[in-house]
2 protein chains.
Amino acid sequence: MRQSQLFTKTRREIPADEVSQSAQLLIRAGFVHKEMAGVYSFLPLGLRVMKRIIKVIKQEMETLGAVELFLSSLQDPTVWQSTDRWRDDEVDIWFKTKLKNEAEVGLGLTHEEPLTRIMKEHITSYRDLPRYVFQFQTKFRNELRAKSGLLRAREFLMKDLYSFTATAAGLDEFYEQVAKAYERIWRAVGIGDQTYRAFASGGAFSKFSDEWQTVCTGGEDTIYLAKDKSMAINQEVFTKEVLAELGKKPTAFEEVRAIEVGNIFKLGTRFSEALGLLYADETGQIKPVVMGSYGIGPARVMATIVELHHDAQGMIWPKSVAPFEVHIVELNPKNSRAVSDEASELAKQFDGQGIAVLHDDRDLRAGEKFADSDLIGIPVRVVVSEKTMRAGKFEVKERAGTRSELMSTKELVKKLSTR
Amino acid sequence: MRQSQLFTKTRREIPADEVSQSAQLLIRAGFVHKEMAGVYSFLPLGLRVMKRIIKVIKQEMETLGAVELFLSSLQDPTVWQSTDRWRDDEVDIWFKTKLKNEAEVGLGLTHEEPLTRIMKEHITSYRDLPRYVFQFQTKFRNELRAKSGLLRAREFLMKDLYSFTATAAGLDEFYEQVAKAYERIWRAVGIGDQTYRAFASGGAFSKFSDEWQTVCTGGEDTIYLAKDKSMAINQEVFTKEVLAELGKKPTAFEEVRAIEVGNIFKLGTRFSEALGLLYADETGQIKPVVMGSYGIGPARVMATIVELHHDAQGMIWPKSVAPFEVHIVELNPKNSRAVSDEASELAKQFDGQGIAVLHDDRDLRAGEKFADSDLIGIPVRVVVSEKTMRAGKFEVKERAGTRSELMSTKELVKKLSTR
C-alpha cells in the first residue's frame, strides 16, 4: 500500500489524557483514535494488526474443533433474569437501553446466557456432545474507570469460546487443550516469554480459574510470580490457605505488575441448570450439559505487545502481527522519476510474493519519514534513494536493530523470506 | 467440514413470529437465530454466507481505492450535537444509554459525525484529498416496528463507505464509480437481474440520492419501475414535478414491491461545515471538504438473495455466496466403513482443491438428509452410498435442477471447477 493512500498522519505530542504507554504510541502513530475514555476506533494500521491477531487466534480455535458464530449485541433481559445476572446489584457493568415500547434491553457484556438458550435448540442427546463454538464480537462493559487505554475499555472486541460437554471429565480435558492453544497464541504474537498461567478466582463457578498474565510495568493487575517462574498467582487468591494447598511459601514469590491477556473458566452446570440446557445420556437419564468459557481480548493483546515491544522512538512490531512486513521509505527530494519507479517496482515485487509492504511515497523530508517509520514500527525498513540507486543496492535496517546495511534485491528478498 | 461438527439442527415448522420468507428459511435451516424482534445472531452457516458477501463487497471497496477502518459503536453526544442529530425530535431511532457518571452516550446508527471528527486530524490541505474509507460495523437503530426479519433489523452489520473530496466535481466522479461498483456487487451475489438503480429522496443533503432496489414480492418498499426497465423511482419522490423533470409520464411505470439493498448519498458540505473539516486549496483559500456516503447492509443482501432464490423445499444459494460449494451426503445405514471412507476421501480431495465442502456424516435416514440438504441449499449435492460405490460413480444433483446424474470423480471435479 502507498502511504499517500493511507490517510492517517502521525503526531509528535503525547496525548495528554492517556497514561498508558501503549495507548499513547498507538494514538501518536495513527493506529487508533480515542472517541472517549475507554472507547477507541481502529484506524487502518491498527485494524491491520487486529486482523492479524484475530487470524492467529481463529486458527487455534479451529484446530480445537470449534465452529465460529456471531451473536447479537442487543440482549433480551429474560434470559439473563433466569441466571440472576440482569439486576444491577448483581452485575454492575451493564449498559442498558430501551426499545420504543419502553422495554429494557442490554448490551452484551459476555454471551453465556444467549448462547446457552440457542444451544437448547441443538443439544438434546449425548450424541450432540461435545460442542465447541467461538466468536469475535464486541463486548460492552460500563466500567467505572477506564484510564488504562486499550487495557480496560468500555467497548472492546473479544474472542469468546464456549465448550459444551457431557461430563466434567470432558470439560477438564478440553480445558487443558485450550490452555495449550493459548500458550501457542502468546508465543505466536510475541508475548510468550513474559506470559504466565496464573491461578485466579473461579468466581461463582469453581475454586480457581486460570488467567494468562503478561508481566509488564504497565499492567493493571498485581500477581505473585514464583522466583523460579514455575508458578503465578493472582493477588486475589494469594492467601495463606491457597499457598498451603499448593505447598508453597510466600517467600518463594515476588509481586509484579501484569496484564491479563486471557482467561478460562470452568462454568460447570451453572448456566445449563438455570436455563434448562439438558441432554439424555446413553441410558436415557436427563442431565445438565457441562460448560466452559474461554476469553481473549485482541485489542488488549495488541496493547500488550506494544507495552513489551517499543523504545523511545516508537513501536517495534513482531513480524507475526506487524501491520506490514516491510516499510519502503522513498527518499526523493528532487522528485526523480527513476527513484520513484525503483521504489514502486520493489513494492510490486514484494506484493507479488505476498509480502505486505507499506511504501512511503510522500513528499516529506528524510528526517520526518524516518521518525514516522520508527514510530509505526514495521519490522524492516528499506530506503530507496538516488544514493542507494548509485550503489545498485537498497539500504536495509531492522526496526529492532541499530545498524543498516546495503543489500541487493536478491539478498533482501532472501532476508525477508527467511526471517 | 463434517456436518456432525456443525452443531445446528434444522427445523420443519415455520417460526410463528416471522412473516418474512427469508427469515423463516434462514431460521429453519439454522443460519440465524432470532434473539428478539429485529435482532438476530448468526450461526455458522449464516456467518459463512455473510463472510462471502462481505468479501465480495470488500474487494470492490479496495478496487475503488478505499481503506478499511473500524469505528466505535459507543457515541459521544457532543459531535452529534454539532450537526443537530442528537436530539430525539431530530433523529428518532437512537438507542441511548448512560455511563456510570450519568453522562449519556449513544449507539452508532451511522458514522458520519465521528468519522468527520477523525478526519479533522488528517486532512488540512488539498494534498490530503481525496480520501476514501470504509468499514463493516454494526449499526443500532431503534425502529418502531421490526417485523420483516433481516430486512429491517434493530441491530445489523453495515458496510459504510465515505468519500472526502476537494470539489463537488470530485464527488460526482467518485459517486458514479461507486455506482458501478455496486452494480458489480449485485451481479456477483446473484441479484443483479432484479436490482435497479432508483431515484430516491436526497433528504437534507441533496435533491436526490440513489438507491438500488431489488424487485421482489417480499420487499418493504414500493417503487415505480419503468415498463421498459429503463428507470426506477422510489415512491417517496414519484411526484408530478419529478416526473416532469425526468421527462416521463406516470403511465410508463408500474408499481412494484422492492428491497433497498444499497444507497448512496451526496452529503456535500453538510457535515464538514458543521464540524469544521476544512482544507487549504492550491491558492491557500480555506474550504470545507465535500463528502459522500455509501451504504450496503450485508445481512439484508443475504435475506434478499434468499427471497429471490428459494423454492418450497428451501434455499438455493448462488455459488458465489453459498456457505459451501458441495454437500456430500453420505447414505450409510449399515455404518459401512468403506462408504464413510469413500465420502471422507472425496471431501478431503475437495478440501485440497480449495472447494468448500460440507460432509453430512450424520446417522440419519436418507429422507431427513435430503430434506436438510434441500433446505440448506448448497448448490451441488453429491450422494455417496453402497449403491453409488457399486456403480463406481457418485450421484450428483444441482440444487437448482431436477435430475441427478452419475459421475466419476474426474467428471465431478471438472464440473465443480468449471461451474
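What share of the contacts in chain A with a separation of 6 or more comes from residues 24 or more positions apart? In this predicted model, such residues account for 69% of those contacts.

Figure 1. The secondary structure of chain A comprises 12 helices and 23 strands. Along the principal axes, its C-alpha atoms fill a box of roughly 80 × 60 × 45 Å. Of the 419 residues in chain A, 48% are buried.

**Figure 2. The five-stranded open sheet of chain A.** The strands follow the order β20-β19-β21-β22-β23, and their pairing is mixed. Strands β20 (357-360) and β23 (404-407) of chain A stand at the edges; each has a single partner strand, so one side of each is left without a neighbour in the sheet. From one strand to the next, the twist averages 25 degrees.

**Figure 3. Strand β20(A) and its pairing with β19(A).** These two strands pair in the parallel sense, over four bridges. The bridge partner of I328(A) in β20(A) is H359(A). In a regular strand, side chains alternate between the two faces of the sheet. Accordingly, V357(A) and H359(A) point one way from β20(A), whereas L358(A) and D360(A) point the other way. All four of these residues are buried.

**Figure 4. Helices α9(A) and α10(A) with the sheet.** Helix α9(A), residues 337-352, lies across β19 (326-331), β20 and β21 (380-385) of chain A. This helix runs at about 170 degrees to β19(A). Together, β19(A), α9(A) and β20(A) make a right-handed β-α-β unit. Helix α10(A), residues 366-376, also packs on the sheet and touches β19, β20 and β21 of chain A. The direction of α10(A) makes about 175 degrees with that of β19(A).

**Figure 5. Helix α1(A) and its surroundings.** In this helix, residues 21-28, the buried residues are S22(A), A23(A), L25(A), L26(A) and I27(A). They pack against β1 (32-36), α2 (44-63), α8 (298-308), β17 (310-311) and β18 (314-315) of chain A. After the helix comes G30(A), whose phi is positive, near 75 degrees.

**Figure 6. The loop residue A103(A).** This residue is found in the loop between β5 (96-98) and β6 (104-107) of chain A. Is A103(A) buried or exposed? A103(A) counts as exposed because it has 11 C-beta neighbours inside 10 Å, and the limit for an exposed residue is 12 or fewer. The C-alpha atoms of A103(A) and T124(A) are separated by 32 Å, and the two residues are 21 residues apart along the chain.

**Figure 7. The largest nonpolar core.** In soluble globular proteins, nonpolar side chains tend to be buried together. Here the largest such core has 240 residues. Those with the most contacts inside it are L150, M302 and V382 of chain A and L150, M302 and V382 of chain B. Neighbours within four places in sequence aside, M302(B) is in contact with V49(B), M50(B), I53(B) and L150(B).

**Figure 8. The contact of chain B with chain A.** Each chain contributes 41 residues to this contact. On the side of chain B, the elements giving two or more residues include β1 (32-36), α2 (44-63) and β7 (131-140). The largest share, four residues, comes from β2(B). By class, this side has 20 nonpolar, 11 polar and 10 charged residues.

Definitions and conventions:
Residues numbered from 1 in each chain as written. Chains lettered and ligands numbered in written order. Predicted model: local features only at pLDDT ≥ 70, side-chain atom pairs only at ≥ 80, totals over all residues. Contact = placed C-beta atoms within 7 Å. Nonpolar A, V, L, I, M, F, W, Y, C, P; charged D, E, K, R; others polar. Core = buried A, V, L, I, M, F, W, Y, C linked by C-beta atoms within 7 Å. Buried ≥ 20, exposed ≤ 12 C-beta atoms within 10 Å, placed from the backbone. Pairing = 2+ DSSP bridges. Axes fitted to C-alpha atoms, helices over the stretch in contact; angles between N-to-C directions. Right-handed = clockwise from strand over helix to strand, strands pointing away.
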